[in-house]
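Here's a quick briefing to read with the structure open.

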Amino acid sequence: MMKKTAAKLLGLILTSTLFLSACGNQANTPETTAVPAAETKKDVIMVSEVFHNLLYLPLYVAKEKGFLEQNRIELSAINAAGSGPTALASVISGESTFSFHGPEHVAFAKAKGGDARSLSILSGSAPVWAVAKTGSSISSPEDFKGKTIVTGLAPTSSNSLLRKLFADHNIDLEKDVTITEVQNGSELGTLLAGKADIAVVYEPQLDQGLLQGLEIVYDFTKDYPDFAFATLNTSSKVIKENPDLVKRMVSSLELALDYIHSDPEGTKEVAKKEFPNLDAAIVENAVQRMIDSKVYPEDGTLTETAFQTAIDMQKFIGNLKTDVKYEDMVDTSFMP
């Protein structure tokens, strides 16, 4: 990690030195060598995310801390598409240049004739937690038996992870538990209203619940330390026509991941600025938890095992009927 970060910083320093040197020569000598236009041109692009949330914090850090600007990228807009398929469709149509969602959507698009690739990870692990009221005495999957569990509407990942947990522990969905599905984001309200015993949530819902006296009864990040949860994606057309832009975008996000781990306090400030309507303490706690849980990876390389874990989950819930090949869906050649 330290060697990789040092190499990136050295590259940035050398680039800045060359640029400043060129500027100095222009100021002091009548004859100068012009910087090629291709090396100074800024790309102004739109990107699409599923919805504005902490899973995509590396993107917001890259924008706020100037890593995109260093790599000659300007965001005209960050479009909240509402779903993974819609975000990727925006890329395939040419409206957006990059999209942020799970790599499974690249596989879904491929099955329908779309041609895209996943490039790197923004958030890994499985950032999902189960919470209950303090004193519930729930400490294992078996303790979920006889309980009512509220989760987001299928096929959201929290719902899928819960069902996979039960399948792995031979817990019968019809006989042993009651699952209540609600609109994503309203799980806590159902639990606090006494209509469920356990809620399965993402951040920042988790820390909102903890501040209201709830406790964590299951941590899915421990089950899935190598899971491609949210990835950077683009079309094969963009890769073919503008590979330099792709490389610069990947590099920007890698620098953001390095920053997140080297300066957690600075990262929290970015997050609070990005989500001003959330309580500052909740944002700070959520970001720290996601750093500690390695939800934000130290290295954004999309490995075959992380990709396959995401694909296997989709096969389990029935969204994918056949295997897909890592090399057909992922392009890691742009990693610094």
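Two strands count as paired if DSSP finds at least two bridges between them. Helices (H or I, at least four residues) and strands (E, at least two) are DSSP runs, numbered from the N terminus. With that in hand, five strands make up an open sheet, ordered S7-S6-S8-S5-S9, with mixed pairing.

Some ground rules: this is a predicted model, where local features need pLDDT of at least 70 and side-chain atom pairs count only at pLDDT 80 or more, while totals for chains, interfaces and linings use all residues. Residues are numbered from 1 along each chain as its sequence is written, and side-chain values use heavy atoms, with hydrogens and water left out.

**The sheet**

- The edges belong to strand S7 (178–182) and strand S9 (214–219); each has a single partner strand, so one side of each has no neighbour in the sheet.
- On average, neighbouring strands of this sheet are turned by 30 degrees against each other, direction ignored. Axes here are lines fitted to C-alpha atoms, for helices over the stretch in contact, and angles run from 0 to 180 degrees between N-to-C directions.
- Helix H6 (residues 157–168) packs on the sheet and touches strand S6 (148–152), S7, S8 and S9, with contact meaning heavy atoms within 4.5 Å. The direction of H6 makes about 140 degrees with that of S6.

**Strand S5 and its partners**

- S5 (residues 129–133) and S8 (residues 198–201) pair antiparallel over four bridges. Trp 129 sits opposite Val 201, and Ala 130 opposite Val 200.
- S5 also pairs antiparallel with S9, over five bridges; there, Ala 132 stands opposite Glu 215.
- Four of the five residues of S5 are buried (under 20% relative accessible area; exposed is over 50%, partly exposed in between, with a 1.4 Å probe and protein chains only).

**The largest pocket**

- The largest pocket has a volume of about 960 Å³. A pocket is an open set of points on a 1 Å grid over the protein atoms alone, where a 1.4 Å probe fits, with protein on both sides within 12 Å along at least five of seven lines. Grid points are joined across faces, edges and corners, and the volume is the space filled by probe spheres set on the points.
- Its lining (residues with an atom within 4 Å of a point) counts 38 residues, and Val 50, Phe 51, Thr 156, Asn 184 and Tyr 202 lie nearest the centre.
- Helix H4 (84–92), helix H5 (104–111), helix H8 (205–211) and helix H13 (304–317) each contribute at least two lining residues.
- By class, the lining has 19 nonpolar, 16 polar and three charged residues. Ala, Val, Leu, Ile, Met, Phe, Trp, Tyr, Cys and Pro count as nonpolar, Asp, Glu, Lys and Arg as charged, and the others, Gly among them, as polar.

**A covered helix**

- Helix H2 (residues 57–64) is largely enclosed by the rest of the structure, because six of its eight residues are buried. Those are Leu 57, Pro 58, Leu 59, Tyr 60, Val 61 and Ala 62.
- After H2 comes Gly 66, with a positive phi near 85 degrees.

- Most residues other than glycine have a negative phi, and most peptide bonds are trans.
- A cis peptide bond joins Ala 154 and Pro 155, with omega about 10 degrees; Pro 155 is in the loop between S6 and H6.
- Glu 203 and Pro 204 are also joined by a cis peptide bond, with omega about 5 degrees; Pro 204 lies in the loop between S8 and H8.
- Arg 72 has a positive phi of about 60 degrees, in the loop between helix H3 (67–70) and strand S2 (73–80).
- Asn 170 has a positive phi near 55 degrees, in the loop between H6 and S7. At 69% relative accessibility, Asn 170 counts as exposed.
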